[in-house]
Amino acid sequence: MSKIKTVAVVGAGTMGRYIAQAVLEYFLRVNLIDISEKVLDSACQMIRDGLFKRVESGKMSMSKVDNAFDCLGVFLNLEEGVFDADLVIEAVSENLPLKKEMFKKLDGICPPSTILATNTSGIPITSIARITNYRERVVGTHFYNPAHLIPLVEVVRSDYTEKKVVEEVMSFLRSLGKKPILVNKDIPGFIGNRLQHAITREALSLLQNGVASARDIDDVVRYTLGLRFAHTGPLEQRDLNGLDVHLSIAEYLYPTLEDSKEPLTLLKEKVAEGKLGLKTGHGIYDWSNYRDEDIVSKKNRQLVRMLEMIETLDHVDI
């Protein structure tokens with residue numbers, strides 16, 4: 001049973017508020033901290049709306065919504081927000097100097113027994129931990145967006161993280177119904193983002209070279225790999241296909257795969273043109289006729305339905 005009863009989340013942006021909701025759903029105390037009162041107000045409203053959506057999906061009873069929301073405290077002052085926390089999860093912008101500055105502050109404020117976690121998507125944890133005095137208590141907890149729905153969390157051990165810290169964080173995440181996995185080597189991107197970026201680099205290359213349309217490339221993933229990955233990972237699938245078969249294909253295919261060490265021209269051009277995706281109305285696709293919140297809400301509903309289906313699958317325990 002986890003000893004963590006109070007969690008401070010530093011940064012009330014998209015990831016911070018979703019992480020807060022994930023903890024609140026289990027009626028644990030959450031101190032949500034941000035320097036902007038406007039951001040905190042927005043986060044509280046989104047969290048309350050999110051809890052009601054969990055009621056709609058049958059994951060929480062209406063009577064429990066107020067109980068969960070009552071566990072939330074909001075703070076503009078960092079020291080006040082973290083003083084009684086057993087675990088602090090930093091969820092500020094994905095910026096190494098900013099994260100280092102935040103951890104230096106947290107290291108000076110929090111007692112040595114407080115676990116300090118960073119929600120970075122891929123910055124090596126060691127580069128953050130080494131600026132602290134109590135490096136052994138720093139660990140990576142990479143939640144995936146939306147954090148209150150995606151069950152998997154990557155727990156990343158730095159060069160300094162103590163085993164008992166990793167074990168306590170893993171235990172805590174399991175108590176939230178999450179599926180934590182341990183990343184033993186502190187490499188950029190960890191596991192999920194390395195896999196995701198490898199696929200995306202190849203997809204962008206196919207599009208840039210006119211091999212197929214964006215929709216057709218996406219549909220290949222949605223209706224083949226996506227379906228398969230929901231119940232069988234890439235390594236398990238290789239065993240099912242036969243490693244000899246994979247080797248024979250790899251010998252002629254690997255030399256032709258995209259291996260650029262720099263972001264592809266297509267991506268750079270889109271960003272330079274201000275075509276950043278849904279948030280600007282244009283990216284790979286034209287989103288100008290859609291509202292951001294409608295698309296996100298639809299995708300979240302689809303995700304909930306997919307997770308419900310996946311939970312019914314009879315996985316092979318190897």
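How do helix 8 and helix 9 run relative to each other, roughly parallel or roughly antiparallel?

I started my notes with the ground rules. This is a predicted model, where local features need pLDDT of at least 70, side-chain atom pairs count only at pLDDT 80 or more, and totals for chains, interfaces and linings use all residues. Residues are numbered from 1 along each chain as its sequence is written, and side-chain values use heavy atoms, with hydrogens and water left out.

**Entry one: helices 8 and 9**

I looked up helix 8 (residues 192-208) and helix 9 (residues 214-229), which pack at about 150 degrees with axes 10 Å apart. Axes here are lines fitted to C-alpha atoms, for helices over the stretch in contact, and angles run from 0 to 180 degrees between N-to-C directions. Helices are DSSP runs (H or I, at least four residues), numbered from the N terminus. So helix 8 and helix 9 are roughly antiparallel (angles over 145 degrees count as that).

Next I checked who touches whom (contact means heavy atoms within 4.5 Å). From helix 8, Ile199, Ala203, Leu206 and Leu207 meet Ala214, Ile217 and Phe229 of helix 9. I sorted the residues of this contact: seven nonpolar, no polar and no charged. Ala, Val, Leu, Ile, Met, Phe, Trp, Tyr, Cys and Pro count as nonpolar, Asp, Glu, Lys and Arg as charged, and the others, Gly among them, as polar.

**Entry two: helices 2 and 3**

I then turned to helix 2 (residues 37-56) and helix 3 (residues 62-69), packed at about 155 degrees with axes 9 Å apart. That makes helix 2 roughly antiparallel to helix 3. On the helix 2 side I found Cys44, Ile47, Arg48, Leu51, Phe52 and Val55, and on the helix 3 side Met62, Val65, Asp66, Ala68 and Phe69. My sorting of this contact gave nine nonpolar, no polar and two charged residues.

Note on methods
Parallel < 35°, antiparallel > 145°, perpendicular 65-115°, else oblique.
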